[in-house]
Amino acid sequence: MAAFTVIMDGDVFETVRRFYERYRKDKAIAGYSALGLPVYAFFVGRQEYPVLLFQYAIHAREWITAYLALRHIERGIGRGGAWFLPLTNPDGAALSLRGEGFLSEISSERAAFLRRVNGGKDFSLWKANANAVDLNVNFGAFWGTGKHNVRMPAPENYIGSRPFSEPETRALRDFTLRVKPHATVSYHTKGEEIYYGFHAAPASEKEGVLARALSDETGYAARVIEESAGGYKDWCSLALKIPAFTIEAGSDTLSHPLKESDLCGITEKNIGVPRRLAEELWKTK
């Protein structure tokens, strides 16, 4: 594929969509959002060990990570192959970025619901999807037991009516089960930390080795996280028994939502992560 210049024009979904249309290698639509937008997936490398899965922007206001995904895709991977899902919450990202402009394009009932939940017209800090469910607490891994979980629609932390109540979480679950990755990485912002392990599925020695390698690659601190529940990483650890990591990209001195100008620093520290993880997994085969 010819080099793709990421043009950040303020509409991250359109950027990912155009990238998908131009991409000439393996690709797929992993599923659809609550409002019917596609969740795009891109494959890089070969269908041989190790196969990885990277997912980005599951939290709306963390849309900046979708641009990092496109740079990861463009750089490629050394060993094995990897699936990249740049924008797993397309509705939420559009709402966070465009606010009232996005609401003017959807039903008046839905728009009124989202304004009421948000408590105002500024959606820049919105994390949830278009149903006001925080997708990263909607997975079936000790669902509803998180310290900050809430049980009604909210801009963040609402667990949904049941595990996998949302089309986006079902899409990510089903796609993961279909491609059978040997490890997964979820990109979030911010804090420059790498989380691994899950209280119901303690981190293995192998996970510790991989986490330390990712820490070496990024300069981020790696630590076992015990207080999470209902997240994609948690589900991968518990249900699939594979190494799963959450990388919080971007300095904690930055403010949500991170700006396009913050992407350069994030990319510099994270561009080598897919290749490094594949190489380290290969060593442990």
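Start with α2 and α9: α2 passes α9 in a right-handed crossing. A crossing is right-handed if the near helix is turned clockwise from the far one by less than a right angle, and left-handed if it is turned anticlockwise. Helices (H or I, at least four residues) and strands (E, at least two) are DSSP runs, numbered from the N terminus.

The model is predicted; local features need pLDDT of at least 70 and side-chain atom pairs count only at pLDDT 80 or more, while totals for chains, interfaces and linings use all residues. Residues are numbered from 1 along each chain as its sequence is written, and side-chain values use heavy atoms, with hydrogens and water left out.

**Stop 1: α2 against α9**

Two packed helices are described by the angle between their axes and the distance between the axes. Select residues 263–270 for helix α9; its axis and that of α2 come within 10 Å and cross at roughly 45°. Axes here are lines fitted to C-alpha atoms, for helices over the stretch in contact, and angles run from 0 to 180 degrees between N-to-C directions. The two helices are therefore oblique to each other. Angles under 35 degrees count as roughly parallel, over 145 as roughly antiparallel, 65 to 115 as roughly perpendicular, and the rest as oblique.

Now show side chains. From α2, I64, Y67, L68, R71 and H72 meet L263, I266, T267 and N270 of α9; contact means heavy atoms within 4.5 Å. By class, this contact has five nonpolar, three polar and one charged residues. Ala, Val, Leu, Ile, Met, Phe, Trp, Tyr, Cys and Pro count as nonpolar, Asp, Glu, Lys and Arg as charged, and the others, Gly among them, as polar.

**Stop 2: Y187**

The side chains of Y187 and N270 are joined by a polar contact of 2.9 Å. A polar contact is a pair of N or O atoms within 3.5 Å; within protein, one must be able to donate a hydrogen and the other to accept it, and residues adjacent in sequence count only if both atoms are side-chain atoms.

Is Y187 buried or exposed? Y187 counts as buried, at 0% relative accessibility. Buried means under 20% relative accessible area, exposed over 50%, and partly exposed in between (1.4 Å probe, protein chains only). Not counting residues up to four places away in sequence, Y187 touches residues including L68, H72, A57 and V273.

**Stop 3: α1 against α2**

Select residues 12–22 (helix α1) and residues 64–75 (helix α2); they pack at an angle of about 20°, with their axes 10 Å apart. They are therefore roughly parallel to each other, and their crossing is left-handed. V12, T15, V16 and F19 of α1 make the contact with A66, Y67, L70 and I73 of α2.

**Stop 4: S96**

Move to S96 in helix α3 (residues 90–98). S96 counts as buried, at 7% relative accessibility. A polar atom of the S96 side chain lies 2.9 Å from the backbone oxygen of S124. Leaving aside neighbours within four places in sequence, S96 is in contact with A60, R61, W63, F123, S124 and W126.

**Stop 5: backbone exceptions**

Most residues other than glycine have a negative phi, and most peptide bonds are trans.

- Y49 and P50 are joined by a cis peptide bond, with omega about -5°. P50 is in the loop between β2 (38–45) and β3 (51–56).
- A57, in the loop between β3 and α2, has a positive phi near 55°. A57 is buried, with a relative accessible area of 1%.
- T189 and K190 are joined by a cis peptide bond, with omega about 10°. K190 is in the loop between β5 (183–188) and β6 (193–196).
- E192, in the loop between β5 and β6, has a positive phi of about 55°. E192 is partly exposed, with a relative accessible area of 23%.

**Stop 6: α6 against α8**

Finish with helix α6 (residues 167–179) and helix α8 (residues 232–240), which pack at an angle of about 40° with their axes 12 Å apart. That makes α6 oblique to α8. The crossing is right-handed. L172, R173, T176 and L177 in α6 meet Y232, W235 and L240 in α8. By class, the contact has five nonpolar, one polar and one charged residues.
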